[in-house]
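These are my notebook entries on one protein chain. I set down what I looked up, entry by entry.

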Amino acid sequence: MINSVRNTVLAVANKQNFGYITPFDFNLYAKQAQLDIFEDYFYRYSQWITKQNVRQSGTGYSDHVKNIEQAIDIFSTINTPDDTNGPVFPIPSDYYLLNVVRYGNTEVERVSNSKLLHLTSSNLTTPTTSFPAYAMNGTNITVYPSTITTGVTIQYIRKPLDPKWTYVSLSGGEPIFDQSNADYQDFELPPEDEPLLVAKILQYAGISIREKDLYVAGQNEEGKETQKQG
């Protein structure tokens, strides 16, 4: 998809004589555009959950909640963290949203650090291996009780990989797309997001080269796509 997106972006820019977008710049814009759309999934998901609760959401192919869930699930990952320092376990560096922590087959309840002292100070509420809990501390989670040092798994939503349009250089000619390059990375978004990627990249390109018309063209296309997606 990344080559198709780049060709469309260049076609729009060249048609209006807005100048050439280098592969380096394109990759920078592509990274930010993908991240923008990815983060917007969660905002739109929250909106459609609210609409679904008041029966304003569709069904079948028009079930926006299901469609967004499928897009987000692309990034769902299960990780068995290093247990060298258990009950303190590292959170994967590529995590965006921590979903579920499990100890064996038991889901571990998340508690805020502000409530942790109160929870562990009473025999009635202190976590046990049957009803464990965890708190986040920077790039780690601490699982309670402290006897839990192994058997922990983390299910999380990871960040998308940075897209990279790779090419072979030709003397005196245009760079030619080369997906066999070791650094090649396509977009990880669903194909239906291609028009939105184009629109956002055009906006970033317009800002970079100070071409208001190019930015506006991208903004208009984004508006059309956003309206389609709800």
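**Entry 1: Salt bridges**

I looked up Asp-162 and found this residue partly exposed, with a relative accessible area of 44%; buried means under 20%, exposed over 50%, and partly exposed in between (1.4 Å probe, protein chains only). I note that this is a predicted model, in which local features need pLDDT of at least 70 and side-chain atom pairs count only at pLDDT 80 or more, while totals for chains, interfaces and linings use all residues. Residues are numbered from 1 along each chain as its sequence is written, and side-chain values use heavy atoms, with hydrogens and water left out.

How many salt bridges does a search of the whole structure find? I found three, a salt bridge being a side-chain nitrogen of Lys or Arg within 4 Å of a carboxyl oxygen of Asp or Glu.

Asp-162 pairs with Lys-31 in a salt bridge at 3.7 Å, N to O. Asp-162 lies in the loop between β7 and β8 and Lys-31 in helix α2, so this pair ties together parts that are 131 residues apart in sequence. Helices (H or I, at least four residues) and strands (E, at least two) are DSSP runs, numbered from the N terminus.

In the salt bridge of Arg-158 with Glu-188, the closest N and O atoms are 2.7 Å apart. Arg-158 is in strand β7 and Glu-188 in the loop between β9 (176-177) and α5, so the pair ties together parts 30 residues apart in sequence. Are these two residues, Arg-158 and Glu-188, buried or exposed? I recorded both as buried.

I also found a salt bridge between the side chains of Lys-164 and Asp-183 (3.5 Å, N to O).

**Entry 2: Nonpolar cores**

I next looked up the nonpolar cores, each a set of buried Ala, Val, Leu, Ile, Met, Phe, Trp, Tyr and Cys residues joined through side-chain atoms within 4.5 Å. The largest has 28 residues, and Val-5 and Phe-26 are among those that touch the most other members. Its largest share, eight residues, comes from α2. A second, separate core of 13 residues includes Phe-89 and Tyr-134.

**Entry 3: Helix α3**

I listed the buried residues of α3: His-64, Val-65, Ile-68, Ala-71 and Ile-72. They lie on the same side of α3 because they cover an arc of only 125° around the axis, taken from the directions from the helix axis to the C-beta atoms.

**Entry 4: Cis peptide bonds**

I found a cis peptide bond joining Gly-86 and Pro-87, with omega about 15°. Another joins Tyr-144 and Pro-145, with omega about 5°. Most peptide bonds are trans.
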